[in-house]
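Here is a colleague's note to read alongside the model. Please keep the structure open as you go through the points.

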Amino acid sequence: MVSVLLTSSASFRALFLVLCAVWLPPDLAFAKHAGSTRHYKFNIEMQNVTRLCQTKSIVTVNGQFPGPRIIAREGDRLVVKAWSKATKERLADGPAQITQCPIQTGQSYLYNFTITGQRGTLFWHAHISWLRVTLYGPIVILPKPWVLHYPFPQPFMEVPIIFGDWWKADTEAIISQALQTGGAPNISDAYTINGLPGPSYNRSAKDTFKLKVKPGKTYLLRLINAALNNELFFSVANHTLTVVEADAVYIKPFKTQIVLITPGQTTNVLLRAKSKVPSTSFAMSARPYATGPAAFDNTTTAGILLYEKSSSSSNSTNKNKKLPLLKAALPKFNDSTFAMKFNQKIRSLANAKFPANVPKKVDRRFFFTVGLGTLPCPQNQTCQGPNNTKLAASVNNVSFVQPNIALLQAHFFKKAKRVFTTDFPANPPIKFNYTGTPPSNIMVNNGTKVVVLPFNTSVELVMQDTSIIGAESHPLHLHGFNFFVVGRGIGNFNPSKDPANFNLVDPAERNTVGVPSGGRVAIRFLADNPGVWFMHCHLEVHTSWGLKMAWVVNDGKGRKQKFPHPPSDLPKC
């Protein structure tokens, strides 16, 4: 099954599809057009691709891996016609069985929406099972046409950098086997930069992303983590990066040698090339930040940064000389101290032009535990989880069960009682020392439960990691909204003390946030987007195990505060 996420919302607050790494020339960056309609055609089809000296058939868009880019300006209308031509796959809009049911093979669906309130980098990707392993790509949102400059130094050129991973085996078979046996799935064989593993892997030097730069020029790197199951550290050897945007929201610029980026997140950084051509090339490296108890792919992917020589020097006898490669320094795989410090540096601009509209008044407060657990092993079967159980994951001890009918359709057509219940717990059903010794009973409950919110409800949500099976960082992604990260810390949340330290002035505005390993994070958002909105861990294995839930936002009273009637080509369940 394929599920490509293109949520058509009142704002462009959660949009994902597939794209390839491309240069953005200056003439395009300053094209003069306002409110244009941009058309794209996506054919979902199988394609043979060779990596790590092995060829396999993968699901692609237009035969490309990574797929074609989407580029637009804030205020533009995007029309994307997706045809499902993969004979063994199906395509869905948004998360499968949440927003809609899959598009059947041979059928199509028209994504039609306007980009509002965002500018920067997002990405599109498949959103069913593990098919986004090859179905992903960047979305580049340029400022409105009359905005001639970014709120940071104008780059000479812009380059998408998409991190992914690669399995030699069929990922659908891997996760299917894991869900059947109750154990952890096999790990990936490599990480990739723009679809290429790089020289760190055997016989893969030819499959290396190379970035050529001119001395003294500034480059905007649009970083996207499309990997399935790992947060990543990224660094360019002997170069300083300036972080200027996160999840399509401008931030207060800060300098760093290393970027941390979770699956689902995007980060724009400026790289200023050295003033003179050096006598070396530089590794652009990424490797995992991993805090959990399970095995993980502890390899490193690398691209190469090369300096263009002047015409006079290129005619020298050394022009064909292979330059030595300077390696990048990266933190230890479990450096949670760096992770906390890096994330605390991300703050909104919070100025008149780009305000931080943090909800000051809170209508509803929620406290969600997020973490692992177990389910009973079926009779007459041996399972690979602890004590012959099946590994699971949950939010407030509810492991989400995918319905047969999409939640949004059930909600809109008044069939909710047959599909989901509205009793998702606002607090954990049992209180315990969440980051200390876990309870003796770590079984979770299955259910298709949602939270219902009136239109325009201001929400405060604290998400707390637990030590059940093992503490671990969880990148939580909320569809349909941006939210403000008002607080974070290590240990258990203290409701009587911690809110006094919330940042309500310039907190980071994001759509994906990492819940710290053994810690908690607090977010606020305004539920002003009617519909059914998925929230899930962006580690795909945890989503497969049930670490997900949904918010139902009811219609408001105004004409523009109501969810529109579904389009005629909406796939049938």
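1. A word on the basis first. This is a predicted model, in which local features need pLDDT of at least 70 and side-chain atom pairs count only at pLDDT 80 or more, while totals for chains, interfaces and linings use all residues. Residues are numbered from 1 along each chain as its sequence is written, and side-chain values use heavy atoms, with hydrogens and water left out.

2. Let us start with the rings. The whole structure contains 30 aromatic pairs. Rings of Phe, Tyr and Trp (its six-membered ring) pair if their centres lie within 6.5 Å; planes under 30 degrees apart are called stacked, over 60 edge-to-face, and the rest tilted. Phe 296 and Phe 333 make a tilted pair, because their planes stand at 40°, with the centres 5.2 Å apart. Phe 296 sits in the loop between strand S18 (281-289) and strand S19 (301-307), and Phe 333 in the loop between strand S20 (325-326) and helix H4 (336-344), so this pair ties together parts 37 residues apart in sequence. Helices (H or I, at least four residues) and strands (E, at least two) are DSSP runs, numbered from the N terminus.

3. Now please look at Phe 366 and Trp 551, an edge-to-face pair with 5.2 Å from centre to centre and 90° between the planes. Phe 366 belongs to strand S21 (residues 364-376) and Trp 551 to strand S33 (residues 548-553), so the link spans distant parts of the chain, 185 residues apart. Phe 366 is buried at 4% relative accessibility, and Trp 551 is buried at 1%.

4. In S33, Trp 551 is the bridge partner of Val 451. Four bridges join S25 to S33, and these strands run parallel; two strands pair if DSSP finds at least two bridges between them. The open sheet has five strands in the order S25-S33-S32-S27-S30, with mixed pairing. Strand S25 (450-453) and strand S30 (512-515) are at the edges with a single partner strand each, so one side of each has no neighbour in the sheet.

5. On to charges: how many salt bridges does the structure hold? There are 14, each a side-chain nitrogen of Lys or Arg within 4 Å of a carboxyl oxygen of Asp or Glu. Glu 74 and Arg 119 form one, with the closest N and O atoms 3.1 Å apart. Both Glu 74 and Arg 119 are buried.

6. Lys 214 forms a salt bridge with Glu 308, again with closest N and O atoms 3.1 Å apart. Lys 214 is partly exposed at 33% relative accessibility, and Glu 308 is partly exposed at 32%.

7. Asp 498 and Arg 520 form a salt bridge too, with closest N and O atoms 3.0 Å apart, and both residues are buried. Elsewhere, a network of salt bridges links Lys 252, Arg 347 and Asp 506.

Notes. Buried < 20%, exposed > 50% of the residue type's maximum accessible area, 1.4 Å probe, protein only.
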